[in-house]
Amino acid sequence: MSGNSSFQRQLRRYYGFYTGGFVLFVIVVGLLEMLGVPNRMLGYLFLFATIFLYAGIGFMSKTADVSEYYVAGRRVPAVFNGMATGADWMSAASFIGMAGTLYATGYDGLAFVMGWTGGYCLVALLLAPYLRKFGQFTIPDFLGARYGGNIPRLIGVFAAILCSFTYVIAQIYGVGIITSRFTGLEFTIGVFVGLAGILVCSFLGGMKAVTWTQVAQYIILILAYMIPVVWLSVKHTGIPVPQISAYTVALPKVTALEREFNDPATPKGASEEAVRRIFRERAAAAAADLAGLEAGGEGYLEERKQALEIRLAELRAAEPPVEERVLDAAERDVRNFPHDAEAARQAWGAARTAALAKSASVKAHAEAFAAEDEAGRIKAKKNFLALVLCLMVGTAALPHILMRFYTTPSVREARRSVFWSLFFIFLLYFTAPALAILVKFEVYSNLVGSAFAQLPAWVSNWAAVDKTLMAINDINRDGIVQLAEITIGGDLIVLATPEIAGLPYVISGLVAAGGLAAALSTADGLLLTIANALSHDVYYKMIDPNAPTTRRLIASKTLLLVVALTAAYVTSLKPGNILFLVGAAFSLAGAAFFPALVLGVFWKRANQTGAVLGMLLGLGVTIYYMVRTYPFFGINEPLWWDIDPISAGIFGIPLGFAGVIVGSLLSPAPSRGIQDLVDHVRYPSLKGEGRARSG
Amino acid sequence: MPLTDRHREYWRRNLSLTATLLAIWFVATFVVSWFARELNEIVLVGPLGFYMGAQGALIVYVLIIWYYARRMNRLDREYGVEEEED
């Protein structure tokens, strides 16, 4: 006990110094900014200082001990494991994307907030303490021991690699985006710089190094998230608690403004309506073009192109000369005209959808399941609940999270550590909806109605940097900004918050460092999961059980390098649909692991046949539904009960349970030894069982 | 080693605690979301349906896990299945 508590004291002191040191570093960078150091240099400073820091921690934690390498020596105290799990968990999507999703979708985006936190109840109540008592190294380890034989273990390895790999690509993508945006490096170079950062952490010290870097990364990411939001809240409401002020002060005003925008009798509503009318005309024009294309084919295309060319020629010849702007627009129309029928169909289809979206009235932020009619609302509600369930069950089945609970010193600490994990995750997740409301308040009350001649600085800055994040055009040419004239990309919300709150650039650098910490820490955990599944489960447990320690670690480190390079290569090809990949990983993990893991603890009768059947059925149905219905795969079969492909797990998870139950009942009960293992797992300590096993 | 009746009772109490907390989890998540439109009519700290999804449910989750850890760690000692201090 005394050894343990002095270790904890030591950790607190280290991380206390570390946090102080980091704050000091931010202040020094702030001073440099005041001395006139250019922003790009500040970006480099943040990028390299933090990666260097993580590398330092990784280097100090280097190890050649198997238990240290795979499970950090099983001596990570609950609070620190909580921080590490928090960083492991919160990815670039949580840090940068979530507030943007909430800004765009209001209530319906809360599926992610609830799904990605409520899953921890399942981890705490159904899995973490039991996996800790089992106390091996990986999740396939548990499947292998509980169900016997190599087949359950092998399916586990396959599923772990499948969902971790899809997820890690999204993380490395995030790393590339952040490094390239804040340093001006090219995307591909950004990916490999980030990768170097990931590898130095995990390569030398495995889980031990990853754990202590993740704690450091959590501290950076939570500071980076909180500081700008608190500041923004003070600026707008005078209350330094955004989680309260957003609901009591900002939301009522946002709701009142939404009503005003939707009511053509008010001045603001009337100008919104004027813009919407223009968008409706554009949508109608695009629809007419599409219809003309269907009827006239290539001939129609040629006709339209000639009409545009003639108009351009007329404008050029006009006396007196027309405005430069009008001429530019006409030239652009000719230059960007679709070159064949397929391109035209796509371009006009997209234009029609975009214009229709812009011509719709403003959706109330707090309204749940908004839709045209009752049928639409029911469909939205069903998909909301299905997504929440898939995200929750997926949370409780992602191997890189479950693996973290092998690292605590005891079952008792494992239980506490799930509490700390969720607490640290909660800090960010209950702030994100507040941030979305505060930014919406700023946009609705300050940006809308301002003059195009005097846009707020953050708007013109971001519009100049990246049109996908911020685009603003005076559609109805009245010189005043209307809501329908603004297009905001989701990632902008978090990235621009420091500027909206009027904070110096150093805080923007801090936010970038936070986003990088979120992406790196998650990528670390995922890569380690994949490498361990291959080196421990496949190589050591199945190919060469007599391999000496050194060779096992060499195998693991080599595989880590290979997997990391493969992932970075795949990422540099920029596969689309990152958000879908992330969502898919949850459905896949939930359907493959959750039933076999939970029934493995709570139902002694579950056996190998059942586990194999359940995992294959769950995984198979989930993959089948995604491939059949997700547009990316090009089959586009009708949906089952209107459920979106991202929630495919809603079919896979129950079938997984059914598979385990039916398969087990149709074959003999598991052996005495396996039933004893279940008892061993259920009780933190059975007297006479041999203390050493639970150590 | 064979399980005693005390052991079985410990496991039963664990199961009933787990089931109760899962029921609370289910209500806070799915039942509340199901009625989100109706709950939005009630305004406490913002519209209630929205508030529950954005904060209320999360607070319930944190409390569930906190209570479970506390209760189970006590139950271990009560039934003599706790781990030795190391």
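Predicted model: local features only at pLDDT ≥ 70, side-chain atom pairs only at ≥ 80, totals over all residues.
Residues are numbered from 1 along each chain as its sequence is written, while chains are lettered from A and ligands numbered from 1 in the order in which they are written.

Let's start with confidence. For the complex, the predictor gives an ipTM of 0.94 and a pTM of 0.89. Chain B has a mean pLDDT of 89, with 97% of its residues at 70 or more; pLDDT is the predictor's confidence in each residue, from 0 to 100. Among the elements of chain B, helix H1 (residues 5–34) has the highest mean, 93, and strand E1 (residues 43–44) the lowest, 82.

Now for the fold of chain B. You'll find three helices and two strands, running α-α-β-β-α along the sequence. Helices (H or I, at least four residues) and strands (E, at least two) are DSSP runs numbered from the N terminus. The C-alpha trace of chain B spans about 55 × 25 × 15 Å along its principal axes. Its radius of gyration is 18 Å, whereas a compact globule of 86 residues would come in near 12 Å (taken over C-alpha atoms; the globule rule is 2.2 Å times the number of residues to the power 0.38). Of the 86 residues in chain B, 35% count as buried, meaning that 20 or more other C-beta atoms, placed from the backbone, lie within 10 Å of the residue's own.

Next, the interface. Here 42 residues of chain B are in contact with 49 residues of chain A, a contact being two C-beta atoms, placed from the backbone, within 7 Å. On the chain B side, the elements giving two or more residues are H1, helix H2 (36–39), strand E2 (46–47) and helix H3 (48–78). H3(B) supplies the largest share, 18 residues. By type, that side divides into 24 nonpolar, eleven polar and seven charged residues. Ala, Val, Leu, Ile, Met, Phe, Trp, Tyr, Cys and Pro count as nonpolar, Asp, Glu, Lys and Arg as charged, and the others, Gly among them, as polar.

Finally, the core. The largest nonpolar core holds 240 residues, and Ile172(A), Leu221(A), Leu527(A) and Ile65(B) touch the most other members. Such a core is a set of buried Ala, Val, Leu, Ile, Met, Phe, Trp, Tyr and Cys residues joined through C-beta atoms within 7 Å. Helix H9 (residues 187–237) of chain A gives the most to this core, 22 residues. Leaving aside residues up to four places away in sequence, Leu527(A) touches Val168(A), Ile198(A), Ser202(A), Leu560(A), Val563(A) and Ala564(A).

Definitions and conventions
Buried ≥ 20, exposed ≤ 12 C-beta atoms within 10 Å, placed from the backbone.
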